[in-house]
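Subject: Structure handover

Hello,

Here is the structure for you to look through. Please open it first, then read the notes below it.

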Amino acid sequence: MTSLKFKTTVVLAALCLLLSASNGLAANATDQMKGTIENILSVLQDSSLKGSDKQEERRAKIREAIGKRFDFTEMAKRSLGKHWKKRSPAERKEFAELFADLIEGSYIEKIENYSDEKVIYGNEQVKNNKSKVKTKIISSKGTEISVQYKLLNRSNDYWRVYDIVVEGVSLVSNYRTQFGKSLSSSSYAELVDKLRSKVN
Amino acid sequence: MDVKRLLAISALAIALLIIGAQELFAAGSKLTIDEIRTSIEANADGASEAAADEASGEPSEDSYDDDFNDEFDDEFAEEIKSIWDPIEPVNRAMFVFNDKMYFWVIKPAARGYNFVVPEKGRVAVDRFFTNLTTPVRFVNSILQLKLGKAGSEVVRFVINSTVGVLGFMDPARDRWNIYLHDEDLGQTFGRYGSGPGFYLVLPLLGPSSVRDGVGMAGDLFLKPTTYIFADDHLAALGVTAYENFNSVSLKIGLYEGLKKDAIDPYSYIRDSYHQYRENKVKE
C-alpha cells in the first residue's frame, strides 16, 4: 500500500517536472527575441571586442546571433513573392544566400554604431504560429526608433524572424516592390548580378 | 496681407482638389492581396490584371500568385503600399539634385561642423529647436483629439524650458520618462481621411507629398521663429536652415545606408517615406 502511494507520488512528481520543463521550453517569442537582442548588445558592449582590428571577430559573433534568430530563407521567399515559385531549388538557395548577406551586412553596419541603446519591449501579438514583437530603441542621442519583429513558429516553439518593420516600414514589402520592379524591366539574372554587386 | 491670405487660400483649395482627385487612386491602392486575388479569379482572362494595374498603379507586380497567397493567408497579409507619383520625372530630377547637394555641399560642411562642435552640443541645439516647436505638436495633438499627447507636450515644454535650461536638455524624458509625440499638420489631415495626394520631392527638404507639403507650410504658422523674425525673412530662413543643417549633422551616414540597401534608391526612399508617414498617421 505504501509502495503504491510512493509510486504514485514519484509518478506525479515526475509529471510535474516534465510539465514545468516543457513550460520552460515553450518560451514566448518576446523572450526569445529579447535573448537575441541582449546577446547582440553584449557583443557590442564587450570592451575586448571594440575597435576596428576586432571588427571581424565582432561581426562573426553578431552574425552567429542573428543567424539563429532570423529566417533569411523565409525573408528571401517573401521578398521575391510570386517570382519565388518560378525559380529552381538551386536558384532559390543562391538567392536566399545573397539576400542573407545583403541584410546581414546592412543590419550589422547599422547596429555597430549603437551600443548604449536602451531597448523597451512592448506587448506581443500572437496568432496561430505567427507573432509580432514590438520594441522601441532609445538612443543616447535621444532619438526613438520603433522596431517590430514578425516571427514565425515552425516547430518546437522556436520563433524565427521573417520580417522587420522599422518605423512602419517593412523590410520585406519594400524589397518585394524593389525586386518586382527590377524583374518587370529586366531579367532574373540581372537582378542576381545587382544583388551580388551590392553584397561585395 | 490680403494678397497673402488669398494666395494661402487658393493654395489650400488646389491642394484639396488634388487630394480629392487621387481618392480614386487611394481606393485602388488600398486593395488587399485578397481582393486582388478575388478580382483576378473573377475575371480569369488577362484583362483583369490590366484592370488591377490601372486601379492601383502596379499591384500585379506585388501581388502573390494563388498558391503563394494560400500559404500565408492571415491577418498578417500586408497591404500593397505605394504612392501616386504622376510627376516622377520632375521628382527624379529633384532627387538627383538633392543627392548631389548632400554629397557635395551639405555633407562636407557637416563634417567641418561636426569637427568644431561636439556631438553633445549639436544634440543640445537639436533639443532647443525641438522644444521651440512644441506649439506645432501641441496644436496638432489637440486637432486630432489626442488630449493625453497634448498634455504631455505641455508638461514637457514646462519642464524642459526651466529645468532643461531653455530646452537644451531633455530632463522630461531622461528623468520623468515623458516622451515626445511627433505630430504635424500632415498627420492631422491624414487623420481626417485625407490621402497623401501625390509624391513630391522638395528641394533640400526631400521626400514629401501634397498633403505633407501643405501641412508643413501650415505648421509654419505655429512656429515661434515665424513670428520672431516676422519682418526679416532672410534671418528666418537662416535660422530654419541652421536648424535643419544641425539636425542633418546628427544623421550623417543614414542616407548613405539607405542608398546602399536599395536597388533603385529613388523608389526605395519613396516607398519608405510613404509607409513611414502612413504609419505616423495611424499612430
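One term first: two strands count as paired if DSSP finds at least two bridges between them. Keep in mind that this is a predicted model.

**The sheet in chain A**

Chain A holds an open sheet of 5 strands. Their order is β1-β2-β3-β4-β5, and the pairing is antiparallel. Which strands sit at the edges? They are β1 (118-127) and β5 (169-170) of chain A, each of which pairs on one side only.

Helix α2 (residues 29-45) of chain A packs on this sheet. The helix touches β1, β2, β3 and β4 (159-166) of chain A. Its direction makes about 155 degrees with that of β1(A).

**Strand by strand**

Start with β1(A) and β2(A). They run antiparallel and are joined by 8 bridges. To find your place, look at A:Tyr121: its bridge partner in β2(A) is A:Thr135.

Next, β2 (residues 130-138) and β3 (residues 144-153) of chain A. How many bridges join them? The count is 9, and these strands also run antiparallel. A:Val133 has A:Tyr149 as its bridge partner in β3(A). A:Lys132 has A:Lys150 as its partner in β3(A). The hairpin of β2(A) and β3(A) has 5 residues between the strands. In that hairpin, A:Gly142 takes a positive phi near 100 degrees.

Now turn to helix α4 (residues 72-80) and helix α6 (residues 171-185), both of chain A. Their axes lie 7 Å apart, at an angle of about 50 degrees. Therefore α4(A) is oblique to α6(A).

Which residues make the contact? From α4(A) come A:Met75, A:Arg78, A:Ser79 and A:Leu80. From α6(A) come A:Leu171, A:Val172, A:Tyr175, A:Arg176, A:Phe179 and A:Leu183. By type, the residues of this contact divide into 7 nonpolar, 1 polar and 2 charged.

**Chain B against chain A**

Last, the interface. The contact takes 37 residues from chain B and 43 residues from chain A. The two chains bury about 3900 Å² between them. Of that area, 47% is on carbon and sulfur atoms. How many salt bridges are there between chain B and chain A? The count is 0.

Best wishes

Terms used. Residues are numbered from 1 along each chain as its sequence is written. Chains are lettered from A and ligands numbered from 1 in the order in which they are written. This is a predicted model: local features need pLDDT of at least 70, side-chain atom pairs count only at pLDDT 80 or more; totals for chains, interfaces and linings use all residues. Side-chain values use heavy atoms; hydrogens and water are left out. Helices (H or I, at least four residues) and strands (E, at least two) are DSSP runs, numbered from the N terminus. Contact means heavy atoms within 4.5 Å. Axes are lines fitted to C-alpha atoms, for helices over the stretch in contact, and angles run from 0 to 180 degrees between N-to-C directions. Angles under 35 degrees count as roughly parallel, over 145 as roughly antiparallel, 65 to 115 as roughly perpendicular and the rest as oblique. Ala, Val, Leu, Ile, Met, Phe, Trp, Tyr, Cys and Pro count as nonpolar, Asp, Glu, Lys and Arg as charged, and the others, Gly among them, as polar. Buried area is the accessible area (1.4 Å probe) that two parts lose on being put together, summed over both. A salt bridge is a side-chain nitrogen of Lys or Arg within 4 Å of a carboxyl oxygen of Asp or Glu.
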